[in-house]
Amino acid sequence: MSGLPNPLHWLHAAVVVLMVIGLYVVVARGNLIKKLVGLGVFQTSVYLLYIAPGKVFGGSAPIIAEGITVYSNPLPHVLILTAIVVGIATLALGLALVVRIHEEYGTIEEDEILDRDGPA
Amino acid sequence: MMHREAIPRVVVKLLIPFLLLYALYVQFHGELGPGGGFQAGVIVATAVILYGLIFGLAEAKRIVPPRLIEVLVPLGVVIYAGVGFAGLLAGGNYLDYFVLDPDPVHGQERGIFWVEVGVLVTVSSTMTAIYYAFSGRGR
Amino acid sequence: MIDALIYGALILLLIATAIGMARTRSLFAVVALGGIYSFLMALALLVLDAVDVSMTEASVGAGISTVLLLGTLYLTRLHETLPIRLSPAPLAMSVITGLALLYGVVHLPPFGDPSTPMHRHVAPRYLEDVVRETGVPNAVTAVLASYRGYDTLGETTVIFTAGIGVLLLLRRRRRQPSDGKDKAGR
Amino acid sequence: MFAAAVAALVVAIALVLVRGFLGPTVYDRVLAANTIGTLAVGLMAAHGFLNDRPEFLDIALVYALLNVLSTLAILKFFRFGSLGDPEGIEPPPTEPRR
Amino acid sequence: MSLIVDTASWLLILAGGFFCIAGAFGILRFPDLYTRMHAAGVLDPFGVSLILAGLMLQAGLTLVTVKLAILILFLGLTSPVACHALGRAARHRRLKPLLAAKEDR
């Protein structure tokens with residue numbers, strides 16, 4: 001790897017760190033609610049990774065007004081707006097599944113669920 | 001637990017009309033500033049949730065009955081899809097707004113308006129339905 | 001340039017919050033920290049000029065998702081059983097994924113550069129023609145509802161489907177009371 | 001000047017965030033979350049002025065209105081153990097005078 | 001005239017920033033929840049409202065000022081309520097004040 005030449009690249013790199021934390025929580029923690037929270041962290045880091053390159057120095061929010069010439073890119077905003085909606089839908093459905101799993105198994109820990117399923 | 005939550009009750013009573021009014025502002029000002037159907041829908045749902053939190057779920061269900069919510073959830077999608085079919089009927093493509101009005105720019109504005117209304121209806125009712133489902137389920 | 005500074009500070013705070021969330025075992029505290037996280041995220045999005053996205057994240061994060069998580073906590077339990085320790089295999093996997101992404105990030109254009117292809121290609125068309133074609137000054141709303149109306153139709157359908165799914169999962173009466181509840185309402 | 005306000009608010013957020021991590025009780029964390037919400041409102045307003053487009057205060061308004069929801073939800077949950085519990089059925093203790 | 005307004009808004013913003021940081025230090029350093037809530041009271045509606053008032057002076061008589069005024073109103077309305085509910089919830093859960101007199105415990 002050639003290293004990060006421009007200090008402004010570090011802003012993107014920091015978002016990757018956020019993503020790694022989210023991924024780690026999803027994979028490593030056994031609690032289903034914690035997993036969903038980690039999924040949320042992962043999702044929001046993706047939002048930043050999309051929107052950060054759309055920012056233009058000296059630019060303004062993409063709402064056309066008199067006397068403003070430079071706007072940030074509106075396209076990532078549209079995509080991420082949809083992604084947030086899908087994100088909250090995922091969260092709600094996932095939490096509903098967690099509730100049902102807890103009712104059936106009496107636990108929301110992954111390994112305990114697997115234990116209960118194992119012998120049967 | 002005497003005089004349960006008198007202060008939150010009063011303040012929430014004051015806040016909820018502002019929330020609903022503000023949701024309307026966000027909805028209809030969404031073409032000129034930040035906002036739109038989705039944000040307004042979430043704010044409407046928030047007002048219902050706040051009411052349910054403070055005054056109890058049964059009270060919230062009395063004011064916004066679940067039957068109404070169950071009608072509204074698909075209604076929003078139907079409105080959105082209906083805008084598309086309106087474009088078809090007017091002789092254009094699906095979701096083509098230019099043909100909705102003799103003046104194409106007005107057609108666009110009309111199409112965007114109804115689409116946002118559809119999004120508002122779906123989002124607000126779905127969020128309320130999800131809240132009802134979660135908080136209505138006994139342990 | 002000052003935007004880059006504020007954004008950088010907010011990113012650091014976000015990383016700190018995410019680490020705090022990963023290290024906390026009380027799920028209740030995780031929900032409280034999650035509220036902080038979405039506040040900071042909305043701020044970062046605002047600094048990046050994404051006003052519509054910031055508003056959505058604000059209303060979703062501060063309003064709905066906290067309530068949903070709390071509702072689930074009420075119906076399930078409040079603490080993780082596993083102790084917090086670094087598990088090596090998932091850590092290695094996540095770090096390797098992160099390194100691969102970092103390799104890609106090096107080749108992204110630097111933050112705030114106006115001369116990159118993504119700012120020259122599609123976006124100027126929208127920004128220049130949006131008022132003339134649709135009469136709506138908010139480019140995000142116009143693209144969302146008009147130019148890419150199909151996407152938003154799909155998005156609305158996704159919300160609809162999620163609502164139906166939640167109702168199907170949670171509306172039915174429970175058949176038999178299952179054991180193993182933890183009644184500690186803390 | 002606006003930059004100074006933004007800097008002060010970011011520093012304040014960072015300090016309160018530390019309390020959010022340390023917070024021995026959950027109430028400390030909720031207090032930190034609520035405070036950060038208010039600071040975020042100020043930061044949004046100041047940032048609008050910093051960028052010469054202060055008309056985006058709508059987001060700050062959404063925050064000011066919704067910040068109280070999550071706090072009240074958490075505290076309601078804590079006092080009564082549920083959201084939208086049957087205790088709300090009984091009539092309010094006193095009719096608010098207005 | 002504009003110099004006076006500028007100076008006034010400067011002063012308000014500086015005071016607001018000072019109160020915000022002071023309140024944040026209080027939240028960080030005070031010994032228990034109840035004392036921290038006092039510090040939050042300095043920061044929460046007061047410091048931020050001062051900053052918003054300073055911004056109001058900068059904005060002049062526009063819609064922005066009206067929005068800022070509404071913002072100050074809502075902050076003044078909601079954050080004491082949140083604080084009140086927080087204190088009551090903590091009290092309800094028998095969280096003891098660290099510095100309370102013996103008979104209050």
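In chain C, the loop between helix 2 (27-47) and helix 3 (51-75) contains C:Asp49. Please bear in mind, colleagues, that what we are viewing is a predicted model. C:Asp49 is not a glycine, yet its phi is positive, at about 70 degrees. Is this residue, C:Asp49, buried or exposed? With a relative accessible area of 3%, C:Asp49 is buried.

B:Leu95 sits in the loop that runs between helix 4 (66-89) and helix 5 (104-135) of chain B. The relative accessible area of B:Leu95 is 9%, and this residue is therefore counted as buried, the cut-off being under 20%.

I turn now to the interface of chain D and chain E. The contact involves 40 residues from chain D and 43 residues from chain E. Between them, the two chains bury about 3700 Å², and 79% of that area is on carbon and sulfur atoms.

How many salt bridges are there between chain D and chain E? The count is two. One of them joins E:Arg36 to D:Asp28, with the closest N and O atoms 2.4 Å apart.

Which helices of chain D supply the side that touches chain E? Helix 1 (2-22), helix 2 (26-50) and helix 3 (57-80) each provide at least two residues. Helix 2 of chain D gives the largest share, 13 residues. By type, the residues on this side of chain D comprise 29 nonpolar, six polar and five charged.

Definitions and conventions
Residues are numbered from 1 along each chain as its sequence is written. Chains are lettered from A and ligands numbered from 1 in the order in which they are written. This is a predicted model: local features need pLDDT of at least 70, side-chain atom pairs count only at pLDDT 80 or more; totals for chains, interfaces and linings use all residues. Side-chain values use heavy atoms; hydrogens and water are left out. Helices (H or I, at least four residues) and strands (E, at least two) are DSSP runs, numbered from the N terminus. Buried means under 20% relative accessible area, exposed over 50%, partly exposed in between (1.4 Å probe, protein chains only). Contact means heavy atoms within 4.5 Å. Buried area is the accessible area (1.4 Å probe) that two parts lose on being put together, summed over both. A salt bridge is a side-chain nitrogen of Lys or Arg within 4 Å of a carboxyl oxygen of Asp or Glu. Ala, Val, Leu, Ile, Met, Phe, Trp, Tyr, Cys and Pro count as nonpolar, Asp, Glu, Lys and Arg as charged, and the others, Gly among them, as polar.
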